[in-house]
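Welcome, and thanks for taking a look at this protein with me.

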Amino acid sequence: MVRRCRVPPARAVNRVLIGDCLEELARLPAESADLVFADPPYNLQLERDLLRPNNTVVDGVDDAWDKFASLADYDRFSRAWLGECRRVLKPNGAIWVIGSYHNIFRLGAALQDLGFWIQNDVVWRKTNPMPNFRGKRFTNAHETLIWAGRDRKSRVTFNYEAMKALNDDLQMRSDWLLPICSGPERLKDPAGRKAHPTQKPEALLYRVLLASTNPGDLVLDPFFGTGTTGAAAKRLGRSWLGIERDPAYAAAAQARIDKVRPLPPSALETMRGKRAEPRVPFGTIIELGILEPGSALTDERGRIRAEVRADGTLSLAGRQGSIHRLGAEVQGKTACNGWTFWHFEAEGQRKPIDALREAARRQLGLTPAFGALVAAE
């Protein structure tokens, strides 16, 4: 039996739900979101004003929504909203949670206790952090993000090749150097003050969404604030849904997102690794006539020579097996990637048989831009 996820209708997404996050989350259908990005209250536990050396007050986080009577109260709240997010996520969905040293360790424990499976923690290193004015601690120059699948079996989206390309063809590391939100990006209220004290930079959400979602995915943010998640999602062709209890924040977020121009679909296609491509067995290459039975395959140097059989196996000196098994046997190994070990000859050159899979995909109608097909679904 095919298990179908309950997906909110189009009119129910790309909007801000104004209300308490626990109440609004409870109204959402189960298994409907592909990703949750959560920037919850940090519970900073500030007891008095923070002053600069010139005695001016730092415009920090002193709002009521960031205050809890005790750590136990904060833990109960955290487990409640995380539990609802887990219910709302699809089986292969994932969550990102961001926090500081005040709360991230408690959130990490709650995630694991609830059954989430941690993929990575990511350190966001701030290029321009707020100084430590009292001089009693190190300058707090980073925040931590936890990326976790809904459970251990979740096959979460990770656009590895896209992240590598974004990082000049080097593997993307788990420490990200990005500036805090400032300048024109920082939303202001009518009095010229920060509209929200913890507005995150859009570059941070851009990277999160590019790494762990695909075009058309639904991204849920239960602490929407001024809508950075929605702005990045709209730009990248993702659907979004925000929950915000403060009407003023919700209005600022909606006005901000209304001004965002989505990127054209052609610009959204990202690099995809081999694992993301449609699977084509070696036997299909034979069936399609791309490689004829009786053809010779060799190793890269041409020292080992095998013959292709009609059933897609290879034979060599009385031995017969798949491209992988025979490739391992002739090398005296336990495993082998036959697609890269075996070569065919074309135009006087030896090429890995992996190159033939692209021709097979074209004949099968599995290419013109597989990523574009996904985006169109």
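What percentage of the 377 residues in the protein do buried residues make up? Buried residues make up 44% of the 377, where buried means under 20% relative accessible area, exposed means over 50%, and partly exposed is in between (1.4 Å probe, protein chains only).

Before going further, please keep in mind that this is a predicted model, in which local features need pLDDT of at least 70, side-chain atom pairs count only at pLDDT 80 or more, and totals for chains, interfaces and linings use all residues. Residues are numbered from 1 along each chain as its sequence is written, and side-chain values use heavy atoms, with hydrogens and water left out.

The protein has 13 helices and 14 strands; these are DSSP runs numbered from the N terminus, with helices being H or I of at least four residues and strands E of at least two. Among contacts with a separation of 6 or more, 68% join residues 24 or more positions apart, a contact being heavy atoms within 4.5 Å.

**Helix 3 and its neighbours**

Let us begin with helix 3, residues 104-113, where Ile-104, Leu-107, Gly-108, Ala-110 and Leu-111 are buried. Seen down the helix axis, these buried residues fall within an arc of 165 degrees, so they line one face of helix 3; the arc is that of the directions from the helix axis to the C-beta atoms. Phe-105, Gln-112 and Asp-113 are exposed on the other side of helix 3.

What do the buried residues of helix 3 pack against? Their partners are helix 2 (71-88), strand 3 (89-99), strand 4 (117-126) and strand 5 (142-149). After helix 3 comes Gly-115, with a positive phi near 105 degrees.

Leaving aside residues up to four places away in sequence, Leu-111 touches Leu-82, Ile-95, Val-97, Phe-116 and Ile-146. One of these, Ile-95, is 16 residues from Leu-111 in sequence, and the two are 9.6 Å apart in space, C-alpha to C-alpha.

**Two helix pairs**

Two packed helices are described by the angle between their axes and the distance between the axes. Here the axes are lines fitted to C-alpha atoms, for helices over the stretch in contact, and angles run from 0 to 180 degrees between N-to-C directions.

| Helix pair | Axes come within | Crossing angle |
|---|---|---|
| Helix 2 and helix 3 | 10 Å | roughly 45 degrees |
| Helix 6 and helix 7 | 9 Å | roughly 20 degrees |

The angle makes helix 6 roughly parallel to helix 7, while helix 2 and helix 3 are therefore oblique to each other. Angles under 35 degrees count as roughly parallel, over 145 as roughly antiparallel, 65 to 115 as roughly perpendicular and the rest as oblique.

**The nonpolar cores**

A nonpolar core is a set of buried Ala, Val, Leu, Ile, Met, Phe, Trp, Tyr and Cys residues joined through side-chain atoms within 4.5 Å. Which residues of the largest nonpolar core touch the most other members? Of its 33 residues, they are Trp-96, Leu-145, Leu-204, Val-208 and Leu-209. Several elements each supply at least two residues of this core, including strand 2 (33-38), strand 6 (175-178) and helix 5 (202-212). Helix 5 gives the largest share of the core, six residues.

Helix 5 itself is mostly covered, with nine of its eleven residues buried. Among them are Glu-202 and Arg-207, along with Leu-204, Val-208 and Leu-209.

Leu-145 touches residues that include Phe-37, Trp-96, Val-122, Leu-204 and Val-208, not counting residues up to four places away in sequence. A second, separate core of 29 residues includes Cys-85, Leu-111, Leu-218 and Phe-223.

**Two positive phi angles in loops**

Glu-31 is not a glycine, yet has a positive phi of about 55 degrees. Glu-31 lies in the loop between helix 1 (21-27) and strand 2, and counts as buried at 12% relative accessibility.

Ala-317 also has a positive phi, near 50 degrees, in a residue other than glycine. The loop between strand 11 (314-316) and strand 12 (319-321) holds Ala-317, which counts as exposed at 73% relative accessibility.
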